[in-house]
Amino acid sequence: MLKTEAHPTPRTQIDLLRSSLEKRLAANPLKWIRMPDGSIRRLRWNAKQQEFLIAAENGECLTTAMIGSNQYGKSVAAGADAVATISGVPISQWDKLPDELLAKHLGQPKQMWGVTPTFTSSRLGQQFQFHDRLPATWIRRGVYEPDTGYGNKMVVLHNGGQCEFKSVDQGLDAFETVPLDKIWWDEIQDIPHSFFSKALARLVAKGGRQTVTGLPNAAWVVDLFIKKQILIGEEEGSAAASVHTVRGTMYDNLAMSESSIAEIGSHMTEE
């Protein structure tokens, strides 16, 4: 009696592919990303994200900002830049990394803050972006839990690079500490200008830079990042000309279909 060779069913093939992609994402989240629909794809940047990331990596301006509507990839891009900062591995080199990342692939460490209006927005926003993009093999201290975020509000890598998560609800006194290489401000529209100005002193000693993401919903945000009419800080010469602003909408997001955009738009008001 002849034996017939068993062939995998279409469902089995899909499951095998999904399992393979999950392993690739876990081994190297600098090359792969989980999309909003749950699928896993190669990490690719839209044009606005590319502009932001190139400007942030070059560091020619004190501040690189992504200002615009929700759902166009601001936090994903800024989170990637933050991971590149503390790991010492520029995004321009990510494609050259091996498929499985080890601590030996880390570069020169840097210190930074991630700042949001509240601890909740930090946990769900910035801290999640670090969790989503950081290879587990690079982390020396810091476990992300959805309900509590990172323990001690900090993640530390094997090379000594680290990000401490700050929020406005801690008060201004919490913004008095060590010199920094970078600050990432998220949901900038809900952060008072006084916090933004005070924290700039943390960047001076190391010649640090900062990134900003948010909506153009506050007067000072519009004046600084859109109109570029006010100074950063109190010193003459630290002018708004040192800001590179990238503006965009959800139409710039490669991960969103036209039907998804239309669905979101149908729930928006003119305000």
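A residue counts as buried under 20% relative accessible area, as exposed over 50%, and as partly exposed in between, using a 1.4 Å probe and protein chains only. Leu25 has 12% relative accessibility, so it is buried. This is a predicted model, in which local features need pLDDT of at least 70 and side-chain atom pairs count only at pLDDT 80 or more, while totals for chains, interfaces and linings use all residues. Residues are numbered from 1 along each chain as its sequence is written, and side-chain values use heavy atoms, with hydrogens and water left out.

Start with Leu25. Its place is in helix α1, residues 10-27. Helices are DSSP runs of H or I with at least four residues, strands are runs of E with at least two, and both are numbered from the N terminus. Which residues does Leu25 touch, leaving aside those up to four places away in sequence? They are Trp32, Ile33, Arg34 and Ile40. Contact here means heavy atoms within 4.5 Å. Leu43 is 18 residues from Leu25 along the chain, and their C-alpha atoms are separated by 10.0 Å.

The charged end of Arg42 sits over the Trp32 ring, 5.2 Å from its centre. For that label, NZ of Lys or CZ of Arg must be within 6 Å of the ring centre and within 35 degrees of the ring normal.

Now turn to charge pairs. Side chains of opposite charge can pair when their charged atoms come close. A salt bridge needs a side-chain nitrogen of Lys or Arg within 4 Å of a carboxyl oxygen of Asp or Glu. How many does the whole structure hold? The search finds eight salt bridges. One of them joins Lys182 and Asp81, whose closest N and O atoms are 2.8 Å apart. Lys182 belongs to strand β10 (residues 182-186) and Asp81 to helix α3 (residues 74-87), so this pair ties together parts that are 101 residues apart in sequence. Lys182 is buried at 6%. Asp81 is buried as well, at 5%.

Another salt bridge links Glu164 and Lys166, at 3.4 Å from N to O.

Asp181 lies in the loop between β9 (162-167) and β10, and Lys206 in the loop between α6 (201-204) and β11 (209-214), so the pair ties together parts 25 residues apart in sequence. Asp181 is buried at 17%. Lys206 is partly exposed at 41%.

Aromatic rings come next. Rings of Phe, Tyr and Trp (its six-membered ring) pair if their centres lie within 6.5 Å; planes under 30 degrees apart are stacked, over 60 edge-to-face, and the rest tilted. The whole structure has ten aromatic pairs. Among them, Phe128 and Tyr144 are edge-to-face, because their planes stand at 65°, with ring centres 6.4 Å apart. Phe128 is in helix α4 (residues 119-133) and Tyr144 in strand β6 (residues 144-145), so the pair ties together parts 16 residues apart in sequence. Ring pairs link Phe128, Phe130, Tyr144, Tyr150 and Phe165 into a cluster. Phe128 is partly exposed at 33%, while Tyr144 is buried at 11%.

The rings of Phe175 and Phe195 have centres 5.3 Å apart and planes at 80°, so this pair is edge-to-face. Phe175 lies in the loop between β9 and β10, and Phe195 in helix α5 (residues 193-199), so parts 20 residues apart in sequence are tied together. Phe175 is buried at 0%. Phe195 is buried at 8%.
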